[in-house]
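Let me put the structure up and then talk you through it.

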Amino acid sequence: MKIAIASGKGGTGKTTLSTNLASYLSEKNKVVLVDLDVEEPNSGLFIKGNLIYEEEKFKMIPKWVQETCTLCGNCQKVCNFHAVIQLGTMILVFPELCHSCYACSELCPTGSLPMTSKKMGDLKEYKKDNLSFIESKLVIGEEQAVPLIHQTMKYVDEKFGNDAIKIFDSPPGTSCPVIEATKDADFVLLVTEPTPFGLHDLKLAIETMKELKKDFGVIINKSGIGNNNVEAYCNEEHIPVIAKIPNSRKIAELYSSGSLLYNEIKEVKKELIKIEDFILRLKETK
Amino acid sequence: MAKEIVIISGKGGTGKTSITASFAVLEKDKAVIADCDVDAADMHLLMKPDFAKSEDFYSGELAVINQEACIKCGKCADVCRFDAIPFTDSKYVVDDLSCEGCGYCARVCPTDAITNISQNVGEWYISDIKTGSKMVHAKLAIGADNSGKLVAQVKNEAKRIAEEGSYDFIIVDGSPGVGCPVVSSLSGANYVVLVTEPTVSGLHDLKRVYELVHKFNLKAGCIINKYDLNEDMTSKIKDFLEKENINHLADVPYRKEFIEAITNGQTIVEYDKGELKEIITNTWNKLKNIIN
């Protein structure tokens with residue numbers, strides 16, 4: 001069972017929901033929480049477990065071998081990303097532009113561009129009772145999040161069976177990293193806030209999920225601020241509003257210091273129970 | 001020449017867009033606005049743009065297989081590193097969302113059954129806005145790659161407008177994260193404003209995004225929004241700013257008027273009449289002094 005937690009707008013509470021839900025569900029279930037917001041992963045600030053595994057993650061890039069190169073220029077011709085450029089008698093590789101498609105390497109007539117690995121991030125796995133937590137972090141300066149998200153998902157697929165509830169804390173937005181993080185999910189929870197920004201970006205997120213043909217529902221966070229337009233929109237569009245997490249200064253303060261909320265604030269626990277019921281019902285039908 | 005100020009935050013939801021929009025209102029017709037948060041652009045909700053000029057944006061390619069010419073040899077699927085050509089219903093079909101447009105498949109196809117078509121990945125606009133100035137903004141197509149290139153397009157247009165007119169500033173609402181759209185947002189900046197909040201996530205993301213700013217050798221200042229939410233965390237942020245030589249521009253208190261303004265479709269400096277307005281106005285003036 002894979003649940004992705006996503007949102008169009010950043011800062012709506014994806015990480016708050018992911019960490020609280022994962023921790024709460026792990027009281028009775030085997031749960032895997034995966035932070036796929038590899039550019040700015042934050043779940044680890046709220047989940048304190050024991051580090052049980054870590055590895056460096058690499059992407060493959062071509063490396064020029066001058067001795068055998070005939071300067072035929074084929075590599076430059078086949079690279080659609082301008083990551084391989086012939087400059088006079090030199091072949092230059094721009095690793096941050098490379099998509100690791102292997103075309104230049106495998107189509108080189110003399111094998112002068114073998115693929116070599118370049119570090120793009122770190123994956124860490126933590127354990128706390130029934131909860132496993134996986135976090136991947138992109139190296140600063142590395143521009144592409146998708147390959148690291150892809151490898152992280154693969155790690156989770158190979159390591160954990162279907163009996164666990166897997167929760168994926170996704171990156172914000174609607175572009176390729178979000179698609180990568182949500183495309184295998186059984187269900188997507190879209191977190192929003194009841195403000196004009198929240199509604200505008202929620203609509204983009206909904207459009208994305210429809211395009212991906214995903215089942216999804218909405219969680220309204222900071223309920224009480226702004227206006228009623230998000231809920232009215234969801235009702236009109238027949239989109240289920242699964243829970244409404246209230247807004248309060250106390251919640252913001254707990255969050256600011258890296259604390260989980262549901263043991264301190266009973267209104268939050270009540271909403272998590274609603275989400276739990278929803279997920280368990282969903283699990284029976286899958 | 002107009003000075004370019006890029007406002008970023010690393011973490012979302014820190015108030016970056018609200019503050020950027022306030023600066024735009026304060027500087028009126030002397031600042032061109034660029035919304036480089038093309039993935040979830042929100043500036044237009046506060047700037048009332050007229051979408052006077054719009055243009056399609058093409059970037060990247062997508063492989064398409066002509067089924068009549070395909071002999072089902074499977075070479076395309078073999079070379080594809082993105083698992084974008086599954087064999088389903090006894091034919092090879094490209095999965096649009098997985099295809100990265102590298103074109104390798106077309107190069108190995110023995111019957112030339114594969115063509116690459118360029119992709120429409122969004123639209124960009126030049127608008128007249130309520131401040132009497134111009135704004136360049138964009139809408140990225142769903143699931144599109146290359147948002148970094150669209151960001152570059154938006155910025156280049158804003159620069160062109162600034163050079164042709166008599167503008168003092170280009171105010172850029174940057175993208176979240178530390179990846180390719182942010183790198184694009186930062187290129188060519190004269191000054192970077194980091195908007196953060198005193199939370200564990202705020203500080204964590206500030207440090208990561210500053211690493212990127214530092215890598216580009218850019219001067220930066222920081223606004224701590226909701227500073228009174230956690231004074232202990234605020235002082236940790238201040239320690240970090242001091243250590244890294246980042247200008248501490250302002251502490252903005254946690255007030256309900258901040259959200260009320262957006263809910264009314266207004267910037268803080270239009271909606272609020274009290275301390276928030278004063279702080280944001282002083283911050284903008286301070287910022288201008290530092291840059292000039």
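Predicted model: local features only at pLDDT ≥ 70, side-chain atom pairs only at ≥ 80, totals over all residues.

Residues are numbered from 1 along each chain as its sequence is written, and chains are lettered from A, with ligands numbered from 1, in the order in which they are written.

Confidence next. pLDDT is the predictor's confidence in each residue, from 0 to 100. For chain B the mean is 95, and 100% of its residues reach 70 or more. For the complex, the predictor gives an ipTM of 0.90 and a pTM of 0.92.

Now the chains. Chain A has nine helices and 11 strands, while chain B has 11 helices and 11 strands. Those are DSSP runs, numbered from the N terminus: helices are H or I with at least four residues, strands are E with at least two. The C-alpha trace of chain A spans about 70 × 40 × 40 Å along its principal axes; for chain B the box is roughly 70 × 40 × 35 Å.

When I say buried, I mean 20 or more other C-beta atoms within 10 Å of the residue's own; exposed is 12 or fewer, partly exposed is in between, and the C-beta atoms are placed from the backbone. On that count, 50% of the 286 residues of chain A are buried, and for chain B it's 55% of 292.

Contacts: two residues touch if their C-beta atoms, placed from the backbone, lie within 7 Å. In chain A, looking at contacts between residues at least 6 apart in sequence, 74% join residues at least 24 apart. In chain B the corresponding figure is 76%.

Both chains are split into domains, with bounds from an automatic or database domain assignment. In chain A, domain 1 is 2–58 + 122–285 and domain 2 is 64–113, with C-alpha centres 40 Å apart. In chain B, domain 1 is 3–48 + 129–291 and domain 2 is 60–120, and there the centres lie 41 Å apart. The contact between the domains of chain B takes four residues from each of them.

On to the interface. How many residues of chain B are in contact with chain A? It's 48, and they meet 49 residues of chain A. The elements of chain B giving two or more residues to that side are helices H4 (104–108), H6 (180–186), H7 (200–215) and H9 (257–263). H7(B) gives the most, with eight residues. By type, that side of chain B divides into 19 nonpolar, 17 polar and 12 charged. Here nonpolar is Ala, Val, Leu, Ile, Met, Phe, Trp, Tyr, Cys and Pro, charged is Asp, Glu, Lys and Arg, and the others, Gly among them, are polar.

Cores, then. A nonpolar core is a set of buried Ala, Val, Leu, Ile, Met, Phe, Trp, Tyr and Cys residues joined through C-beta atoms within 7 Å. The largest has 149 residues, and those with the most contacts inside it include A:Ile3, A:Leu190, B:Ile33 and B:Leu194. Leaving aside neighbours within four places in sequence, A:Ile3 has contacts that include A:Ile167, A:Phe187 and A:Ile279. Apart from that core lies another, of 28 residues, among them A:Cys75, A:Cys104, B:Ala106 and B:Ala113.

One helix in chain A: H4, residues 146–159. Its 14 residues reach 20 Å from first C-alpha to last, close to the 20 Å expected at 1.5 Å a residue, where the expected span is 1.5 Å times one less than the number of residues. Its buried residues include A:Leu148, A:Met153 and A:Val156.

Last bit: the backbone. Most residues other than glycine have a negative phi. B:Lys48, though, has a positive phi of about 50 degrees, and B:Phe51 is near 50 degrees too. B:Lys48 lies in the loop between H2 (44–47) and E3 (53–65) of chain B, and B:Phe51 is found in the loop between H2 and E3 of chain B. Is B:Phe51 buried or exposed? It counts as exposed, because it has 12 C-beta neighbours inside 10 Å. B:Lys48 is partly exposed, with 13.
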